[in-house]
Amino acid sequence: MHSVSAYQEYFIAYLEKQVIHKEPRNLYEPIQYILSLGGKRMRPVLTLMSAEVFDANYQKALPAAMAVEVFHNFSLVHDDIMDAAPLRRGNVTVHEKWDINTGILSGDAMLILAYQYFEKYEPKTFRKLAKLFSKTALEVCEGQQWDVDFETRTDVTIPEYLKMIEFKTAVLVAAAMKMGAIIAKTSKSNAKLIYDFGLNLGIAFQLQDDFLDAFGDPATFGKQVGGDIIENKKTFLFLKAMEFSTQTQKSRLLHLFSENLENSEAKIEEVKQIFMESGASLATQEAIKDYTHQAFDTLDKMNIDADKKALLKTFGENLMGRKV
């Protein structure tokens with residue numbers, strides 16, 4: 001096993017060799033652009049780690065890790081169009097740098113490219129990876145649609161929201177880890193447990209993302225702080241605030257989330273104040289810890305060495321404490 005930073009370096013070295021020199025340039029340059037913007041590379045790193053957890057060389061998992069990263073970035077390109085987001089990882093989004101039509105088409109091409117990386121595996125492994133990937137990709141789309149639907153609903157429940165982030169975010173983290181297990185040809189039990197580990201970690205990761213969207217440092221977060229508030233998204237913070245707030249706070253929150261107010265900075269600050277005063281911000285932080293610990297509980301059931309469990313636990317702890 002290697003350190004997380006080593007896996008990041010191995011993956012980036014592989015990614016940098018994947019440059020596509022083809023025409024039309026306006027199809028492929030946006031792909032290279034979004035992939036070059038950095039990010040945590042969390043999902044591909046987990047694929048490499050998972051392969052080595054189950055005693056396979058990480059190099060065997062590089063194509064699958066690349067498929068995961070290309071798909072993830074495809075979803076970001078389309079999400080940014082849907083959200084009209086100006087920034088991604090502190091840089092101009094693809095549809096702002098080029099145009100919306102280019103963003104849609106380049107994103108479509110990325111989805112196809114992701115599948116092509118599985119062709120590097122033998123038929124039996126290819127089928128297992130492609131089946132998992134297809135299931136996961138469809139769930140991500142379902143999660144994104146729920147996210148859109150929730151923007152205009154006033155009756156979203158916390159279980160509905162958790163299901164949405166499970167599909168939109170967590171299933172890809174879980175699948176990234178299970179792909180490593182498939183490549184390593186470990187037992188079905190281990191593959192299921194590593195998937196569950198990734199699923200709970202992915203939910204914790206998205207809840208942390210929700211929290212940082214409101215309370216993160218603009219200098220390190222990489223996205224527009226308060227973006228979810230501006231877009232009237234019913235995040236875990238919002239739902240907990242509606243659960244804990246006084247009637248006056250609830251009425252004010254519903255009013256703020258029913259309009260596209262011109263003074264967005266004032267709206268962000270007022271909403272954040274309600275999040276803090278109601279206890280929603282604290283409840284969100286507790287939920288992040290709970291899901292992280294649920295992920296750690298699955299490690300205890302896994303048939304792997306103690307040092308490998310420790311590495312996965314350290315990864316989860318670092319995610320829980322992230323600022324970006």
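I started with helix 9 (residues 188-215), which has 28 residues and reaches 40 Å from its first C-alpha to its last, close to the 40 Å expected at 1.5 Å a residue. The expected span is 1.5 Å times one less than the number of residues. Helices here are DSSP runs of H or I, at least four residues, numbered from the N terminus.

The model is predicted: local features need pLDDT of at least 70, side-chain atom pairs count only at pLDDT 80 or more, and totals for chains, interfaces and linings use all residues. Residues are numbered from 1 along each chain as its sequence is written, and side-chain values use heavy atoms, without hydrogens and water.

Next I checked burial (under 20% relative accessible area, 1.4 Å probe, protein chains only).

Of its 106 residues, L207, L253 and L312 touch the most other members. Helix 8 (residues 158-184) gives the most to this core, with 19 residues.

I followed L207. Leaving out residues up to four places away in sequence, L207 touches Y161, I165, F236, T284, A287, I288 and Y291. Contact means heavy atoms within 4.5 Å.

Last, I noted the lining of the second largest pocket by class: 5 nonpolar, 3 polar and 8 charged residues. Nonpolar means Ala, Val, Leu, Ile, Met, Phe, Trp, Tyr, Cys and Pro; charged means Asp, Glu, Lys and Arg; the others, Gly among them, are polar. Helix 7 gives the most to this lining, with 6 residues.

Terms used:
A nonpolar core is a set of buried Ala, Val, Leu, Ile, Met, Phe, Trp, Tyr and Cys residues joined through side-chain atoms within 4.5 Å. Buried means under 20% relative accessible area, exposed over 50%, partly exposed in between (1.4 Å probe, protein chains only). Helices (H or I, at least four residues) and strands (E, at least two) are DSSP runs, numbered from the N terminus.
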